[in-house]
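Please open the model in your viewer and keep a selection tool at hand.

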Amino acid sequence: MKKMKTIFVKDYEEMSAKGYEIIREVIKNNEEPVISMTTGGTPRGVFKLLVEGIHKGLDISHTTFMNLDEYMGPRDAVYSVRSFMYKNLYNLINVKPKNIFLIDGEAEDSDKEIARYKEIINQYPMDVQLLGLGTNGHIGANEPGTPFDSTMFLAKHDDSTIQSTMREYGITREEAPTEMLTLGFTEILEAKTVLLLVSGKHKAEAVKALLEGEITPDCPATALRNFDNAIVIIDEDAASLLEKEHKSI
């Protein structure tokens, strides 16, 4: 039976280092690697290590970078995926990747933007899709209740996701975006490696549901459980509520 791989680590630093190591090897060992990123608090450590690696000679001139999702709102908003990518990666390196693809959160016609981005994914199949885990189990903007056969769509945020965005970017409820263009489970799981990073006690309930609950759209991340291309890296705090014994695979 196909099965998601789990790697247990001590803390956020070790999670970030392990995540970066996987991405680095894909970049080094593929002729035209395609890395699809996520944003927010979870991957910041990976981005920091990636910037350091590039400064030390990791060659990204043959690499395509893209993203999982984008908030609907101004491109230069503090919370936008575009702003995050430039602040945490593209503005910090003096070499450029082969391609940078971003979803347009200002698109007036979301259906047209979805069609445009899907075409890019068809042309550049993803080697790695990096993910974080929402406190309610969401991945990307696939919130609880999203069907497991979802394809790229315009998603409305759950309240817990809006609260998380407010905390992460220090913005008010009025400033926080409520919608997001996101890849669906279909596109996410087509990546050669789906890499889910989870750290912190506030993610412990979601990790328990992911590893010990039933596979259900009520906990979107459980969609990964039956896929052997999925790797989840979990630190001790995030694993603190697990009741069964789980080994690193």
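Which residue caps the N-terminal end of helix 4? Select Asp109: one of its side-chain oxygens lies 3.1 Å from the backbone nitrogen of Asp111. The model is predicted, with local features requiring pLDDT of at least 70 and side-chain atom pairs pLDDT 80 or more, whereas totals for chains, interfaces and linings use all residues. Residues are numbered from 1 along each chain as its sequence is written, and side-chain values use heavy atoms, leaving out hydrogens and water.

Next, select helix 4 itself, residues 110-123 (helices are DSSP runs of H or I with at least four residues, and strands are runs of E with at least two, numbered from the N terminus).

Now colour Ser110, Glu113, Ile114, Tyr117, Ile120 and Ile121, the buried residues of helix 4 (buried is under 20% relative accessible area, exposed over 50%, partly exposed in between, with a 1.4 Å probe and protein chains only). Viewed down the helix axis, these buried residues fall within an arc of 120 degrees, so they line one face (the arc is taken from the directions from the axis to the C-beta atoms). Turned away from that side are the exposed Asp111, Lys112, Asn122 and Gln123.

Show what covers the buried residues: strand 3 (64-67), strand 7 (153-156), strand 8 (179-182) and helix 6 (185-190) are among the elements (contact means heavy atoms within 4.5 Å).

Finally, display the open sheet of seven strands, ordered 1-10-9-6-2-3-5 with parallel pairing (two strands pair if DSSP finds at least two bridges between them). Its edges are strand 1 (5-9) and strand 5 (99-100).

Key. The expected span of a helix is 1.5 Å times one less than its number of residues. A polar contact is a pair of N or O atoms within 3.5 Å; within protein, one must be able to donate a hydrogen and the other to accept it, and residues adjacent in sequence count only if both atoms are side-chain atoms.
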